[in-house]
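The sequence and the structure come first, and the notes follow by topic.

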Amino acid sequence: MSIERPLQAESVVVGNAVPVKVKDEVAETPLEALASICTILAIVLFVFGFIFQNFEIPSGSMLNTLLIGDHVVVDRVTLAPATRWAPFVHYRAVRRGDVIVFYKPNPESPDLILVKRTIGIPGDRIHLRKGVVYLNGVAQNEPFAIQPSDDGPDSTGFNPYRDDFPSVTPSPDEQVTEVWREELPEHIQGDDLVVPPGYVFAMGDNRTQSLDGRYWGFVPQQNILGRPLFVYWSFETPADQENKTSIGDRIGFMFHIVTHILTDTRWTRTFHVVR
């Protein structure tokens, strides 16, 4: 009867070579494994806390550029103020046409995060005529924008204040914040709204369904969090889902996602670049 002994370190001779001692592999200790996990976790938290961040689109104000239920990766660095500790990072100023993510400039809801398109930068003169944007006197070609319709319902039909902005004074029933209602006349020169230094003017691409700069004013540049890069996941979501805030509603929708993730995911929007 032969008995196999456990594999131990021993000398191995290959041809006329000098014997080489094969050492036992040293197993990683639990403390070392924990340190490795913590290092990886720290890197991930840094990347998603300071460089990239994910956001969900809750409303249709940016149709058809962004759909309700789109989950986007946001670049938080490019539009941020330049810092000395990271001179290798590419920074730039906000440009006309940039889609931006920002804190809503409204003292009533200071923590509300919105996504809109930059229409004007400091010094620009802006006005609308029947929903068409005129920038520094030139009508803009905006194929991405959903304009008011003559034969549409009241919500998408022509609205004097919204679509001939800022030539028409907002009526009491317009959803204009009190702060903007008072400040608006100070920024009008002739037919135009003039963007002041340190601010941008932003509107949603779905022009008839967007409560944007026409209703609450300019976006301070320090409020800008970044710009969405691409859609990493898109799930068909009801338009009123953002208003369902109870725990029961949230649990119910989470269950709906789990049971319909294959059928209701918009697979064609995966990695869709935001422009």
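The chain exposes about 17,200 Å², of which carbon and sulfur atoms supply 59%; accessible areas come from the Shrake-Rupley method with a 1.4 Å probe, and for residues only the protein chains shown count as cover. Buried residues make up 38% of the 275 residues in the chain, where buried means under 20% relative accessible area, exposed over 50%, and partly exposed in between (1.4 Å probe, protein chains only). The model is predicted: local features need a pLDDT of at least 70, side-chain atom pairs count only at pLDDT 80 or more, and totals for chains, interfaces and linings use all residues. Residues are numbered from 1 along each chain as its sequence is written, and side-chain values use heavy atoms, with hydrogens and water left out.

**Confidence and overall make-up**

- The average pLDDT of the chain (the predictor's confidence in each residue, from 0 to 100) is 85, and 81% of the residues score at least 70.
- Over residues 1–14 the pLDDT is below 50, and this stretch has 14 contacts in the model beyond near neighbours in sequence; a contact means heavy atoms within 4.5 Å.
- Of the contacts in the chain with a separation of 6 or more, 60% are between residues 24 or more positions apart.
- Five helices and 15 strands are present in the chain; helices (H or I, at least four residues) and strands (E, at least two) are DSSP runs, numbered from the N terminus.

**Strand β6 and its partners**

- Seven of the eight residues of strand β6 (residues 113–120) are buried.
- Strand β5 (residues 99–103) pairs with β6 in the antiparallel sense over five bridges; two strands pair if DSSP finds at least two bridges between them.
- Valine 99 has arginine 117 in β6 as its bridge partner.
- β6 also pairs with strand β12 (residues 199–203), in the antiparallel sense and over three bridges, and threonine 118 stands opposite alanine 202 in β12.

**The five-stranded open sheet**

- An open sheet is formed by five strands in the order β9-β8-β7-β11-β10, with antiparallel pairing.
- The edges are β9 (138–139) and β10 (188–189), each with a single partner strand, so one side of each is left without a neighbour in the sheet.
- Strands β7 (residues 125–129) and β8 (residues 132–135) pair in the antiparallel sense over four bridges, and the bridge partner of isoleucine 126 is leucine 135 in β8.

**Salt bridges**

- The structure holds 12 salt bridges, each being a side-chain nitrogen of Lys or Arg within 4 Å of a carboxyl oxygen of Asp or Glu.
- Arginine 269 and aspartate 70 meet in a salt bridge through their side chains (2.6 Å, N to O). Arginine 269 lies in the loop between α5 and β15 and aspartate 70 in strand β4, so the pair ties together parts that are 199 residues apart in sequence.
- Both partners are buried: arginine 269 has a relative accessible area of 11%, and aspartate 70 one of 0%.
- A network of salt bridges links Asp70, Arg266 and Arg269.
- Arginine 125 forms a salt bridge with aspartate 192, with the closest N and O atoms 3.3 Å apart. Arginine 125 lies in strand β7 and aspartate 192 in strand β11 (residues 192–194), so the pair ties together parts that are 67 residues apart in sequence.
- Arginine 125 is partly exposed at 30% relative accessibility, whereas aspartate 192 is buried at 12%.

**Backbone geometry**

- Most residues other than glycine have a negative phi, and most peptide bonds are trans.
- The peptide bond from leucine 63 to asparagine 64 is cis, with omega near 0 degrees; asparagine 64 is in the loop between β3 (52–56) and β4 (70–75).
- A cis peptide bond, with omega near 0 degrees, also runs from phenylalanine 165 to proline 166, and proline 166 is in the loop between α2 (160–163) and α3 (178–183).
- Asparagine 136, in the loop between β8 and β9, has a positive phi near 50 degrees.
- Phenylalanine 271 has a positive phi of about 65 degrees and is exposed, with a relative accessible area of 60%.
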